[in-house]
Amino acid sequence: MTSVIYSWICISKQTALSNHRLKVVTIDEDLNLVHQDRVHFDSELPEFRTNGGVHLHADRLTVTSPVLMWVKALDLLLDKMKRAEFNFSQVSALSGSGQQHGSVYWRRGASATLDQLDPNQNLHNLLQDSFSVADSPVWMDSSSSRQCAALQAAVGGARLLAEISGSRAYERFTGNQIAKLQQSFPDQYQDTERISLVSSFAASLFLGGYAAIDYSDGSGMNLLDIRTRTWSKVLLEATAPHLEQLLGAPVPSTSVLGLVSSYFVQRYGFSESCRVVAFTGDNPASLAGMKLQEGNITVSLGTSDTVFLWLQQPRPALEGHVFCNPIDPEDYMALLFKNGSLTRERVRDKCAGGSWEVFSAALRDTPLGNKGNIGFYFDTMEITPPVMGVHRFDSDDTEVSWFSPEVEVRAVVEGQFLSRRVHAERLGYSVVPGTRVLATGGASSNREILQVLSDTFNAPVYTIDLSDSACLGSAYRALHGSVAEFGVSFSDMLKKAPEPQLVANPHPAAQEVYDPMVKRYSRLEDTVLQKSRTQTTP
């Protein structure tokens, strides 16, 4: 049998319903790729007049996507598969992922429409009157600052909000978007029967009824209590009226929600026994696609470096995000976003003549720990911590204005990886025996950079291919959903999956050098942050 995944998001790092595309990936029981296809929103659905799959509003803060564009994209994708003679009857289970934080608003009466879909018509025709909000807020939206401030004030501050929900208030998080919509368009809110995340919206289409929000994607809303895995009444009441009823009860991310709707059975030939496993967010699905396990850490080395963590005892902080784990219902995951390759490239151009070979040679020729020199390179406003500028410190913690080119090269790489480790540990992560660092992204092809990563974390580094990891992770989750009732663990199911490749082991002296540097870096970062606040205070 084949497990299939439909993955949606409104901006794609590597997923399927992305800002710019809807993609399908199917695998068989041996985890072999069977079929894949996609629909590009801008080029294949030009009538919706999107740019990158979104509408940027006049205020330059509000960013939305047309809900019916997503629905029509599913029509197109399934029709493509049908023309390719894909055998839908062999699909035993399906799941999916969608951009985190985006929300969909079902109009009163939409539930009855979903329950009575005519298989002789396209979904976008059947559902054209089913949404109280035509354009959904998506993760790129940053127009809810006032609602963020109000939510944090209602709960007693940003830190207390993070303790409950896993994150301080963010403009893109769904709860703040809901609050803004209810305040700005009360009639549309009043006409809403159900609020879905993009992931649960897509699952609802396949179910022919409202799908529950899963714990992991629900963690990106500033509404879920991540420890009790229930909606926080304090946060719901501070956000909008009747919200618990509109959201429905959240469910474990491993839940089988039900069987596929008869619409898909009759129109496309799906099996009546095909299971729909809870859809989740793109980031949680990526964690599943990476095959991340307890104690592991993934560092995606791109324009913005992204750090994925598997946690058991999280310590939510003002930086980063803690979500419920999509694989293990008792554990957690965390995300950190950091400035990445653009800074490394600037230092390469300045100190290595634009040559990665010269840059790599500088890393080989300079000692671990850089003789105590530490650098902070925030060319643009850093995400974690919120600071900008370049700051260099010598071995006596004295700020200096210049490093030699070789020292500068090592300082930028060591500084970035020390930062990753410091902020990971603040969220509850710790390097333990058996820890593996999984590296991906453009810089993962540079062995010298990966050696510094291995030394800084005192753990072996492996490389993995993360292309379409959210899609693949959802396919894995679909397959797991069909066998979990028999006691098969997620890790056991993935034994046939390709293993990552070992590329670097830590130097024998790494722990002795870098453990003290981690503490120094943390202390100096506080100094830099305090200096930045002082300079920006009127």
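Me: Which residues of H18 are buried?

Reply: This is a predicted model. Burial is judged by relative accessible area, with under 20% counted as buried. In H18, the residues that qualify are Ile449, Leu450, Val452, Leu453, Ser454, Asp455, Thr456 and Phe457. The helix spans residues 447-457 and is mostly covered, with eight of its 11 residues buried.

Me: What is found at the start of H18, and what follows H18?

Reply: At the start, a side-chain oxygen of Asn446 comes to within 3.1 Å of the backbone nitrogen of Glu448. After the helix comes Asn458, with a positive phi near 50°.

Me: In what order do the three strands of the open sheet lie, and is the pairing parallel or antiparallel?

Reply: Strands of a sheet pair through backbone hydrogen bonds, in either a parallel or an antiparallel manner. Here the order is E4-E5-E9, and the pairing is antiparallel. Strand E4 (55-56) and strand E9 (135-137) are the edge strands, each pairing on one side only. E4 is joined to strand E5 (residues 63-66) by two bridges, and Leu56 stands opposite Val63 in E5.

Me: Which helix packs on the sheet, and which strands does that helix touch?

Reply: Helix H2 (residues 67-83) packs there, touching E5 and E9. The direction of H2 makes about 40° with that of E5.

Me: Where does pLDDT stay under 50?

Reply: pLDDT expresses the predictor's confidence in each residue. The chain averages 91, and 93% of the residues score at least 70. Over residues 5-16, however, pLDDT stays under 50; the model has 93 contacts beyond four places in sequence for these residues.

Note on methods
Residues are numbered from 1 along each chain as its sequence is written. This is a predicted model: local features need pLDDT of at least 70, side-chain atom pairs count only at pLDDT 80 or more; totals for chains, interfaces and linings use all residues. Side-chain values use heavy atoms; hydrogens and water are left out. Buried means under 20% relative accessible area, exposed over 50%, partly exposed in between (1.4 Å probe, protein chains only). Helices (H or I, at least four residues) and strands (E, at least two) are DSSP runs, numbered from the N terminus. A polar contact is a pair of N or O atoms within 3.5 Å; within protein, one must be able to donate a hydrogen and the other to accept it, and residues adjacent in sequence count only if both atoms are side-chain atoms. Two strands pair if DSSP finds at least two bridges between them. Contact means heavy atoms within 4.5 Å. Axes are lines fitted to C-alpha atoms, for helices over the stretch in contact, and angles run from 0 to 180 degrees between N-to-C directions. pLDDT is the predictor's confidence in each residue, from 0 to 100.
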